[in-house]
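Okay, thanks for coming, everyone. Let me put the model up and then walk you through a few parts of it.

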Amino acid sequence: MPEGRLTRQDRQRIATGLAEGRSYAEIARRLDRPTSTISREVGRNGGPGDYRPERAHQAAARRARRGTPARSPEADPQDRKVFEAEEGAVEMAIGMGLPKMMARVLIGLWLSEDGRLTAADLSRGLKVSPASISTAVGYLTQQGLIRRERDQQRRRDIYVVDDDAWYHSTVISARRTLAAAEIAKAAGETLGLNTPVGGRMARGGAFLERISLDALASAERWRDLPP
């Protein structure tokens, strides 16, 4: 449905959904609109952090008076597919446990042409503040999902996602689980393996140790898996 058909009430509901932390896809389902309509509406009116429904409604009215109606997503099927693919990927990343902003930054990098963007590129593309990008890339770097390169000539950082991203993330996660396993096993021995609490801690530690070692071995085995 064309953006011009959004009512003032629709825009109020979009603002409410954003304030509640809902994804574009969730908001779209509630309004019975394409996800691309919501993405386009929010993107052209300040982004999720600065969307104001009354201001957006007034801007749409001005465009209509100038005789420049917004393009319908149906008018450009490829554009619609890109929006829907991006939103689906963000939803996937959130479902895997990433906070929403971190998910948007990660998917923004994954969907970029060469997987390399500066903080300024990300800020402009996602229409969020540099501070939000800084927090997100710091988190993603710690998780091994992206890496930072330094452009010495232009004195700026470039954030990169490549084929090794999932490998590094899996290894980091497995090593942290292995460290937790060692702590649990040690606690079990201290409390006594024959006691209910000690036995429970030791069994939990043994389980975590086994699956983390399996994950590390599997990551090495499949690191160079072809597409």
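Predicted model: local features only at pLDDT ≥ 70, side-chain atom pairs only at ≥ 80, totals over all residues.

Residues are numbered from 1 along each chain as its sequence is written, and side-chain values use heavy atoms, with hydrogens and water left out.

The protein chain has ten helices and three strands; helices here are DSSP runs of H or I with at least four residues, strands are runs of E with at least two, and both are numbered from the N terminus. Going along the sequence, the order is α-α-α-α-α-α-β-α-α-β-β-α-α. Of the 227 residues, 38% count as buried, and by buried I mean under 20% relative accessible area, with exposed being over 50% and partly exposed in between (1.4 Å probe, protein chains only). As for contacts, meaning heavy atoms within 4.5 Å, take those between residues at least 6 apart in sequence: 57% of them join residues at least 24 apart.

On to the helices. Two packed helices are described by the angle between their axes and the distance between the axes. The axes are lines fitted to C-alpha atoms over the stretch in contact, and angles run from 0 to 180 degrees between N-to-C directions.

Look at H9, residues 165–191, and H10, residues 196–221: they pack at about 160°, axes 7 Å apart. That makes H9 roughly antiparallel to H10; the cut-offs are under 35 degrees for roughly parallel, over 145 for roughly antiparallel, 65 to 115 for roughly perpendicular, and oblique for the rest. The contact of H9 with H10 has 17 nonpolar residues, six polar and four charged.

Now H7, residues 119–126, and H8, residues 130–142: here the axes come within 9 Å and cross at roughly 115°. H7 brings Ala119, Leu122, Ser123 and Leu126 to the contact, and H8 brings Pro130, Ile133 and Val137. That's six nonpolar, one polar and no charged.

What about Thr118, buried or exposed? Thr118 sits in strand E1, residues 116–118, and counts as buried because its relative accessibility is 8%. Setting aside neighbours within four places in sequence, Thr118 contacts Arg156, Asp157, Ile158 and Tyr159.

Last topic, salt bridges: a side-chain nitrogen of Lys or Arg within 4 Å of a carboxyl oxygen of Asp or Glu. How many salt bridges does that rule give? The count is 15.

Arg22 has two partners to look at: Glu20, with the closest N and O atoms 2.7 Å apart, and Glu26, at 3.9 Å. Glu20 is partly exposed at 47%, and so are Arg22 at 23% and Glu26 at 27%.

Then there's Arg147 with Asp162, 2.8 Å from N to O. Arg147 is in strand E2 (147–151) and Asp162 is in the loop between strand E3 (156–160) and H9, so the pair ties together parts 15 residues apart in sequence. Salt bridges with shared partners join Arg116, Arg147, Glu149 and Asp162 into one network.

Methods. Nonpolar A, V, L, I, M, F, W, Y, C, P; charged D, E, K, R; others polar.
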